[in-house]
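This briefing covers side-chain contacts in one protein model. It takes up aromatic pairs and then salt bridges.

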Amino acid sequence: MQENVNSAQILTENQKWIPGGIVSLNRKSDPNICFVKGKGSRVQDADGNEYIDYQAGFAASFLGHNDTDVNQAVAKTLAEEQVLMGAGPTLLEGAFAKLFCESVPTVESIQITTTGSEATYHAIRIARAATKRDHVIVMQGGYNGWHNDVACNVISSKEAVGPFQSPGEYPFDGLSAGIPGAHKALVHVVNFNDLASVEQMARQYPVACILLEPILQNIGIVKPQEGYLEGLRALADEHGFLLIFDEVKTGFRHALGGYQSICNIVPDLSTFGKAVANGYPLGVIAGKKQYMDYFVHPDKEDRVMIAGTFNAFPLTTAAAIATLEKLADPAFGVYAHVEQLGALLEKGYNEIFPKLGVPFYVARQGSAFCTYFMDHAPVHYHDILAHHNFELDTRYRKRLIENGIFNFPAAIKQGSISYAHTVADIEQTLEATEKAVKDL
């Protein structure tokens, strides 16, 4: 690794070999910061600055950066010289699958992937195979991965999506070139918390599934209204499509059993990632056995393929086992600790933000939070588009960075508290927030 280089130099050098200088362009931000080290709740950049971190790899490092117990489990696989042969089962994948299904009792079986995007890809394939239908419903403002079915309408402009629609659907606002028009016609984008639009899509098209985050955390913290998730379950049953929860962000951050254990709704399929292995690259597709068994369907025409040389790689699978064991261990009290810190942060924000003299709303679910500069809890993305002050949000985040607090410097992105954070971290964060508010 190069020594004595700063963030700007690293990006410039990378651009010689990597388009944009970053291998996941979702990470590109202003200001550009190259992080070189992380431990617990703190990260350091190439310029010698330290921050209290609330980005956490887009909410992945739930236990904190380089958690000792997780890293020791990974190191053990290296010391044992464990191997992934590309032939036969492994001990770790079976141990993880058993632990996962015990942790999330609404799940009957799982398959392991390397990323969350792969998991959502497989979930849609299963839904299409099981229903013999092709159409998919996704959420305006949601993020479910990079593939053609879901690479759309993540944080769209007003010009791109047009006026509020209910009941109805929004234009496909693609994240990528190269998505065939015929494929776009199979994807229907509706607002979160809008059952009428889901019902209209189900009556108008042969829908295979609806895929959504049960809390819309790609755009902060947008919670389901009372009866919404229950209504989706009922519509799926009535119209014969699959209900798929994307719990890549919500799973394990809010409860050991996933958010589905909090809302008491059993989806047909679910996807997990990020916090499941405390940031090590591992995804999971999970659900009812009748659908998961499409991976081994006796009829070739109905069988859904799953493959991946690095699926259940020993290091990542060991990290996932250690993570779930720690989350389940009452001696650590992970969920009580992060709830205490989240409540403390929310209370402080509600005391500080009135000094700005503008409308605000602090949204929180456990350890995940977002401050909106609008006067009510957001209901869906179009509500945020219409009422949130995006420009103020971005300026506020940049001021926090200047004061040693890192949350992603783009408006309405979720902040994430880890188990490694302390009361002192929260107090320092509130001091920096007060300073930022005074500056603004």
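**Aromatic pairs**

Across the whole structure, which is a predicted model, a search finds 19 aromatic pairs. The points below describe two of these pairs and one cluster of rings, and then turn to charged side chains.

*A pair across the sequence: F58 and F408*

- The ring centres of F58 and F408 are 5.5 Å apart and the ring planes meet at 45°, so this pair is tilted.
- F58 belongs to helix α2 (residues 56-59), while F408 sits in the loop between β13 (405-406) and β14 (415-416), so the contact ties together parts that are 350 residues apart in sequence.
- F58 is partly exposed, at a relative accessible area of 22%, just as the cut-off for buried is under 20%.
- F408 has a relative accessible area of 8% and is buried.

- F96 and F100 form an edge-to-face pair, with 5.8 Å from centre to centre and 65° between the planes.
- Both residues lie in helix α4, 4 residues apart, or about one turn of the helix.
- F96 and F100 are both buried.

*A cluster of rings*

- Y54, Y349, F353, F360, F369, F373 and Y396 are linked into a cluster by ring pairs.

**Salt bridges**

Side chains of opposite charge can pair when their charged atoms come close. The search of the whole structure finds 25 salt bridges.

*A bridge across the sequence: D30 and K398*

- The side chains of D30 and K398 form a salt bridge with an N to O distance of 3.1 Å.
- D30 is in the loop between α1 (7-14) and β1 (35-39) and K398 is in helix α15 (residues 390-402), so the bridge ties together parts that are 368 residues apart in sequence.
- K398 counts as partly exposed, with 27% relative accessibility.

- K98 and E102 meet through their side chains in a salt bridge of 2.6 Å, N to O.
- Helix α4 (residues 91-103) holds both K98 and E102, which are 4 residues apart, about one turn of the helix.
- Both K98 and E102 are exposed, whereas F96 and F100, also in helix α4, are buried.

*K289 and D293*

- A salt bridge joins the side chains of K289 and D293, at 3.2 Å from N to O.
- K289 is partly exposed, with a relative accessible area of 44%.
- D293 is partly exposed as well, with a relative accessible area of 29%.

*A network*

- Salt bridges link R233, D237, D268 and K288 in a network.

Notes:
Residues are numbered from 1 along each chain as its sequence is written. This is a predicted model: local features need pLDDT of at least 70, side-chain atom pairs count only at pLDDT 80 or more; totals for chains, interfaces and linings use all residues. Side-chain values use heavy atoms; hydrogens and water are left out. A salt bridge is a side-chain nitrogen of Lys or Arg within 4 Å of a carboxyl oxygen of Asp or Glu. Helices (H or I, at least four residues) and strands (E, at least two) are DSSP runs, numbered from the N terminus. Buried means under 20% relative accessible area, exposed over 50%, partly exposed in between (1.4 Å probe, protein chains only). Rings of Phe, Tyr and Trp (its six-membered ring) pair if their centres lie within 6.5 Å; planes under 30 degrees apart count as stacked, over 60 as edge-to-face and the rest as tilted.
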